[in-house]
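Look at the sequence and the structure below before reading on.

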Amino acid sequence: MIDFRYHLVSLIAVFLAVALGIVIGTTQLNGPILADLETQVTALEQDKRSLEDQTQTLQTQLDTSDAFQDAVAPVLVAGSLAGRSVVLVVSGDEVAPETVEEVGALVGQAGGTLTGTLRLTPEYSDPATAASLQSYVTGPGLPTGMRLPETDDTGQLVGALLAQVLMRPATPGAPEPNTAALSSVLAGLSALEVLSVDSASVTPADYAVVLTAGVAADEAEARTDTLIDLAVALDTAGSGAVVAGDGAAAGEGGLVEAVRADPETSAAVSTVDNVDASSGRISTVLALGRESEGTSGKYGTGEDTQPVPPVAVATP
């Protein structure tokens, strides 16, 4: 008779055979598998070095291109803003200080005058502050004799107020903005902490450049609508306005993208989507000159854009 001990020995023998087979099989396979893995690792290391070399080459080309553009920028923009003035409006802390400085410097190289720099705080476009801001600009913050549009839209009201004191009318013979009213409006809005003056002074200008970067972290649509109202008001009150931002601002939720998405607004206000690059800053200044001719455009690297506005050819 076959007893339990026999079954136990048989089971042990089976498990030992399986274990021995696994050991022998693994030993036989380890060599080829290890060799294959080593080959793959070597190939990946070579690919990595190749990509690093390509990246370095592209970065060198980009640096060379930027250096070239910086060198020719003064020549390209020379005279395009002769006798004209520009105010910079910085919408947000994400705009790099060097971008603000370089755009301002290029305005001067184009023969223009920079009349000042304003920086909007997040509270300017915050829906939570809209009611109190509207109450101020339609009440104690409204200078005597100044009229605002008949609307309950805070963005349009504040935009109209700023535009009236910041921009010189393009119509010949139209009255110039009141400097006392400008000082009063800026002082009041600064006290409400919706903007700050980033220059020694601010005086009325012919053109406005709204500088932007990135996308608002919250309430993006409402915030961009408020900033669009300001850009349109500045454009209407003066000789033209340009909204210039980086690639992110031209993406979903960004101010540049929002301007371009509305046919009526994009037909009035020019946009630039690479102001963080030398070519974008050149486009920003040249676009102002085109605005004075009644021509708005989309410039930069995005879809359906021109690389730069046409450069005026000097007549001999």
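## Ground rules

This is a predicted model: local features need pLDDT of at least 70, side-chain atom pairs count only at pLDDT 80 or more, and totals for chains, interfaces and linings use all residues. Residues are numbered from 1 along each chain as its sequence is written, and side-chain values use heavy atoms, with hydrogens and water left out.

Side chains of opposite charge can pair when their charged atoms come close. A salt bridge here is a side-chain nitrogen of Lys or Arg within 4 Å of a carboxyl oxygen of Asp or Glu. The count by this rule is 9 salt bridges.

## Asp 206 and Arg 84

Asp 206 pairs with Arg 84 in a salt bridge. Their closest N and O atoms are 3.5 Å apart. Asp 206 lies in the loop between β3 (195-197) and β4 (207-211), and Arg 84 in the loop between α1 (4-77) and β1 (85-91), so the pair ties together parts that are 122 residues apart in sequence. Helices (H or I, at least four residues) and strands (E, at least two) are DSSP runs, numbered from the N terminus.

Is Asp 206 buried or exposed? Asp 206 is buried, at 5% relative accessible area. Arg 84 is partly exposed, at 27%. The cut-offs are under 20% for buried, over 50% for exposed, and in between for partly exposed (1.4 Å probe, protein chains only).

## Around Asp 206

Asp 206 also belongs to a network. Salt bridges link Arg 84, Arg 168, Glu 176 and Asp 206.

Which residues touch Asp 206, leaving aside neighbours within four places in sequence? Among them are Gly 83, Ser 85, Met 167 and Gly 238. Arg 84 and Arg 168 are in contact with Asp 206 too. Contact means heavy atoms within 4.5 Å.

## Asp 198 and Arg 119

Asp 198 forms a salt bridge with Arg 119, with the closest N and O atoms 2.8 Å apart. This pair links distant parts of the chain. Asp 198 is in the loop between β3 and β4, while Arg 119 is in strand β2 (residues 113-120), 79 residues apart. Asp 198 is partly exposed, at 40% relative accessible area. Arg 119 is buried, at 17%.

## Glu 293 and Arg 290

Glu 293 forms a salt bridge with Arg 290. Here the closest N and O atoms are 3.4 Å apart. Glu 293 counts as exposed, at 55% relative accessibility. Arg 290 is partly exposed, at 22%.
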